[in-house]
Amino acid sequence: MEIFYYVVFGGLAAVVAGLELGKSGKDRVATPTAFNAFKNNYVLVYSLMMSGDWLQGPYVYYLYSQYGFDKGDIGRLFIAGFGSSMLFGTIVGSLADRQGRKRACITYCITYILSCITKHSPHYRVLLLGRILGGVATSLLFSAFESWLVAEHNKRGYDPQWLSITFSKAIFLGNGLIAIIAGLFANLLADNLGFGPVAPFDAAACFLAIGMAIIMSSWSENYGDQSEGKDLMSQFKVAAKAIASDEKIALLGAIQSLFEGSMYTFVFLWTPALSPNDEDIPHGFIFATFMLSSMLGSSIASRLLARKMKVEGYMQIVFAVSAFTLFLPVATSLLVPTSSVKGSGISFGGSLQLLGFCTFESCVGIFWPSIMKMRSQYIPEEARSTIMNFFRIPLNLFVCVVLYNVNAFPITVMFGMCSIFLFMAAILQRRLMLVADLHKLSTKSQEITAQDEPLNP
C-alpha cells in the first residue's frame with residue numbers, strides 16, 4: 001500500500017491525539033459525579049448500538065453479491081431500506097413519543113437483530129424483509145435515543161449546556177473510534193478467521209442484545225405528549241403545525257436534510273471518485289481514515305461547545321467548507337489530467353480528492369453534536385421524535401432518487417449537486433441564526449416591558 005495513505009492516517013491520528021491530550025481548563029467542564037455516571041451510561045449504550053450498525057456496513061453489498069444478486073437487485077434492496085425509513089419512520093417516531101422512548105430503543109434492538117438474522121437466507125424476499133426492518137430500525141436509532149437523552153437530562157435537572165458534553169463524547173466514540181474498531185473486527189471475523197460475510201451480522205446482533213439488556217436494566221421511561229384522545233394523526237398534526245408555525249424548526253429540518261442527503265450520497269460516490277480507472281485503492285484503510293477524520297471533527301466540536309461558541313455561527317463555516325470539499329471532484333476533473341492506466345495506484349487528482357474527502361468527514365464530525373445541540377434547543381419536547389423523523393422524509397426520498405438514478409448522471413454532476421445543497425445549507429444556517437437572534441431580542445423586550453408596566457390598582 002502506498003505511503004501516502006499512511007502519511008494521511010498518521011497525520012490525522014497525531015492531530016486527534018494532540019487535541020484530546022492538550023485540552024485546557026477552557027475545554028473541560030466540571031460536572032458532578034451523578035451526571036458523569038448518567039453520561040457514561042448513555043455513551044456506553046450508544047456505542048453498543050452504533051457497533052451493531054457499523055459492523056454490518058462493510059459487508060452488506062458483498063454478502064448480497066455472494067448470494068448471486070447483480071447490481072440492479074442490490075440497488076433495489078438498498079432503496080427498500082431507505083424507502084422503509086421514509087414511510088415508517090414518522091409512524092415509529094410518533095409511537096416513541098406516545099408509548100415511550102425507552103420502549104422505542106428496545107424496539108430498535110429487536111428490529112435490527114431480526115434484520116441481522118435475515119442475512120442468513122439467500123432468498124431475495126427474506127433479504128428484502130431484512131432491509132425493510134433495517135429501515136425502521138435506522139429511523140429509531142436517529143430519533144428515539146436522542147429524544148430519550150434530552151428528556152431524561154432535563155427531567156433530572158442537569159444544566160442544559162451539559163447536553164453538548166454527552167453529544168460530543170457519544171459522537172467521538174460511537175461515530176469515530178467504534179466505527180474504526182468495528183470495521184477491523186468485521187474484517188477479522190469474515191476474512192482472517194474465515195467465518196464468512198454473514199459473521200459480522202451475527203456479531204452485530206450480539207452487541208445489540210447486550211445494549212438492550214443495559215437499557216432494560218438501567219433506563220427509566222419518558223414520553224412526549226400523552227394527552228388523552230390524541231391518536232397518531234393528531235400527533236402528526238402537532239408536529240406539522242410546529243414545523244409550519246416556527247421558522248426555526250423548518251429551517252433546522254431543511255438544513256439537516258440538505259447536509260445528510262449530501263453525506264449519504266457521498267457514501268455511494270467516494271469509491272468511483274477515487275478509482276475512476278479501476279485504480280487499486282485500499283477501501284478498508286480509506287474508510288478507517290474517514291472515521292478518524294470524523295473523530296477529529298467531533299473533538300473540534302467538543303472544544304467549540306465547551307467554550308460556548310455560537311453553534312449557529314460556526315456551522316455556517318462548516319457548511320461552506322463542506323460545499324468546497326465536495327466540489328473538488330468537479331474541479332480536478334477539469335484541471336487535473338486523469339490517468340489512462342487501469343489498475344495503477346491512486347492518481348494525483350485522486351490524492352487531492354482524498355484530502356478533501358477527509359476534510360468533509362471532519363465537517364461531518366462537527367455536524368453531529370452541533371445539530372443535536374440545535375435540535376435540543378428548538379424542537380418541542382412533546383413531539384420531538386415525530387418531528388425528527390419528519391426531517392428524515394426528504395432525506396430518504398432524496399437518497400432513493402439518487403440510488404435509482406446513480407448510473408444516469410456523470411459522477412461530477414452528482415458531486416456538483418451535493419456541493420450546491422451544502423452551500424444552500426450554509427445560507428439557511430445564516431437565516432436560522434438571524435431568526436433565532438431576533439426571537440431572543442423580542443422575548444427579552446417583552447420581559448422588560450412586562451416588568452416596567454405599573455401594577456394595576
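**Aromatic pairs and a helix contact**

Visitor: Are Trp-270 and Phe-290 buried or exposed?
Guide: The model is a predicted one. A residue counts as buried when its relative accessible area is under 20%. On that criterion, both Trp-270 and Phe-290 are buried.

Visitor: How many residues apart are Tyr-64 and Phe-78?
Guide: These two rings form an edge-to-face pair, 6.4 Å centre to centre with 80 degrees between the planes. Tyr-64 belongs to helix α3 (residues 60-66) and Phe-78 to helix α4 (residues 71-99). The pair thus links distant parts of the chain, its residues lying apart by 14.

Visitor: What kind of pair do the rings of Trp-270 and Phe-290 form?
Guide: Planes over 60 degrees apart count as edge-to-face. The ring centres of Trp-270 and Phe-290 are 5.2 Å apart and their planes stand at 85 degrees, so the pair is edge-to-face.

Visitor: Which residue has its charged end over the ring of Phe-78?
Guide: Phe-78 is buried, as is Tyr-64. Sitting over the ring of Phe-78, 4.6 Å from its centre, is the charged end of Arg-131.

Visitor: What is the orientation of α2 relative to α7?
Guide: Helix α2 (residues 33-54) and helix α7 (residues 144-155) pack with their axes 12 Å apart, at an angle of about 175 degrees. Angles over 145 degrees count as roughly antiparallel. Therefore the orientation of α2 to α7 is roughly antiparallel.

Notes
Residues numbered from 1 in each chain as written. Predicted model: local features only at pLDDT ≥ 70, side-chain atom pairs only at ≥ 80, totals over all residues. Heavy atoms only, no water. Phe/Tyr/Trp six-rings, centres within 6.5 Å; stacked < 30°, edge-to-face > 60°. Helix = DSSP H or I, 4+ residues; strand = E, 2+ residues; numbered from the N terminus. Buried < 20%, exposed > 50% of the residue type's maximum accessible area, 1.4 Å probe, protein only. Lys NZ or Arg CZ within 6 Å of the ring centre and 35° of its normal. Axes fitted to C-alpha atoms, helices over the stretch in contact; angles between N-to-C directions. Parallel < 35°, antiparallel > 145°, perpendicular 65-115°, else oblique.
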